[in-house]
Amino acid sequence: MTTAATGTAHQLPVAGVPEVRRAARGLIRQDRRALAWVLALNVLAAAAGLAGPALLGRIIDGVGSGATVATVDRLAGAVVVCAVLQLLLTRQARYLGHRIGERTSARVREQFVERALDLPPTVVERAGTGDLTARGTTDVAEVGTTLRDSAPRVFIAALEVLFILGAVFVINPLLGACGTLGLAGLWFGTRWYLRRARTAYLAEGAANSVVAEVLAATAAGARTVDALGLQQRRTEATERAIATARRARLRTLFLRSVFFPVIDASYLVPVAIVLLIGGPLHAHGVLSLGSVVATAMYLRRLADPLDVVLLQVEQLQSSGASFARVEGIAGAPRAGAGGAGTPVDDRIEVSDVRYGYDGGPDVLHGVELTVRPGERLAVVGPSGSGKSTLSRLLAGMDRPRTGRVTVGGVPIADLDPEALRRQVVLVTQEHHVFLGTVRDNLRIAAPEAGDGDLLAALDAVGWTHPLPDGLDTDLGSAGHRLGGAEAQQLALARVVLADPHTLILDEATALLDPTAARATERALAAVLAGRTVIAVAHRLHTAHDADRVAVMEGGRLTELGSHHELVAADGPYAALWRSWQQ
């Protein structure tokens, strides 16, 4: 794998040429029979198209030798029949080619979605959602357009070029060789372009991803930007990203501005060479006039298929870079691939854990913690004390720099995604409402759940929001809009349906009012009885209701015990409790 030279330090990988070729061969193998039919139809269409100039040459020679009108009419009728036959064969070949392209495009999209969903959250966070979004929209669409339109057209045009050149050599090898040499300008121009195009288009794609990331981050944090007066800084960051994208775009435009004029000028050269050489050969009786005209017409007809091939080279280079970015998702770091063993129980052990983000200074320092199966543990502490960082390690989203975080003796981060989701679920205050009905949103967690299960899950989290059409209510921008509190409850209902062994709540009820939050947490505790619940909270009523409380300060676990034990100890937790009650 190779990575693009531009973009963020943690940009998602870009597939190398061997990986792209291997992926393309895999897509082709899935439609071998249909492709064989397309190939056969295109061969027949190209053969029918070759008849026109050859028959015209015979007409010219026949007229010169005194052929009858009936003979000329018969040859002219054959030209018309061949033209109609070519039209019908080409139409059917393109129809089948488009069907193959649509199927292949669907496979690429589905595979991309599967791979993207399989990415660990930390990989997406560090790469930036802009890069993933650009690959899943612009790049996938580019690949789909090529598979549906450009690739079939290039394939058909390439066959026509080969058949035309073959016909020229059959008429006269010398004229065929001269005409082929006249195409040298196309060869050198194309090689010059191809040596530079892939790098340029990869740079353009990476620059577009950076622009998307900057714009998405600015839009998502608009209120924060306004509150902190960061408008100028965000504007400058956006202008820098756009300037980089503009330079990358101008580079690809420069390549096209050189390549296309070379194509246009090169089309006339073979025809001129054939006429200059064919004239003297005809004068000396070596070639008939019809042969010279037919050869010139064949070479002139090369312009149309070569136009398709060479003009689509730009599209193919752009889509090739897009395919490399789409296929590069396969090389991104994955969650645990299994093979780490099966947890013997639900006990979570945190042993001498130290952790820092992206190689920076440690934010957790030698944390030791045991979470017993079925326990309700509250993690409290001031902002920046490491609570959320610890919850990410407990959920297997990050690996500690040193030490171990295990469940049932197995490192949590080494579990495969399916096993991890069955074992631990992390719910934060950031929730997403998917387009679709309430039923669709809930069944993400439990595809086989019935309506009764879905309604019970909503009831368990204290859902009171009216739904006009019940579980069939459409949600999203074009449907019924949910507030932040309802979106949190919807996410918690998914947790109830998922029924994990361990639930980690990182401010998961922050958008609910204190009374509703406490009621929801107690309802969850009742529904998830026997399950382990780890709650990271600023509202200390969560700690009051917990079996034990872990107090974090400066990345260290400073106190551990029940609410009453810690209040009696009159330490940091007691100070927090008194402050919160005032």
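Author: Start at the hairpin of β4 and β5: there are 2 residues between the strands, and Gly-408 takes a positive phi near 60° there. Strands here are DSSP runs of E, at least two residues long, while helices are runs of H or I of at least four, and both are numbered from the N terminus. Bear in mind that this is a predicted model, where local features need pLDDT of at least 70 and side-chain atom pairs count only at pLDDT 80 or more, though totals for chains, interfaces and linings use all residues. Residues are numbered from 1 along each chain as its sequence is written, and side-chain values use heavy atoms, with hydrogens and water left out.

Back to the turn. β4 and β5 run antiparallel and are joined by 2 bridges; strands count as paired if DSSP finds at least two bridges between them. Thr-406 stands opposite Pro-411 in β5.

On to the next partner of β4 (residues 402-407): β1 (residues 348-356) runs antiparallel to β4, with 5 bridges between them.

Zoom out and you get an open sheet of 4 strands, ordered β2-β1-β4-β5, with antiparallel pairing. The edges belong to β2 (362-371) and β5 (410-411); each has a single partner strand, so one side of each has no neighbour in the sheet. Lying across β1, β2 and β4 is helix α12 (residues 387-394), which runs at about 60° to β2. (Contact means heavy atoms within 4.5 Å; axes are lines fitted to C-alpha atoms, for helices over the stretch in contact, and angles run from 0 to 180 degrees between N-to-C directions.)

Now for some helix packing elsewhere in the chain. Helix α7 (residues 184-220) and helix α9 (residues 231-283) have axes that come within 8 Å and cross at roughly 160°. That makes α7 roughly antiparallel to α9, on a scale where under 35 degrees is roughly parallel, over 145 roughly antiparallel, 65 to 115 roughly perpendicular and the rest oblique. Their contact involves 25 nonpolar, 9 polar and 6 charged residues. Nonpolar covers Ala, Val, Leu, Ile, Met, Phe, Trp, Tyr, Cys and Pro; charged covers Asp, Glu, Lys and Arg; the others, Gly among them, are polar.
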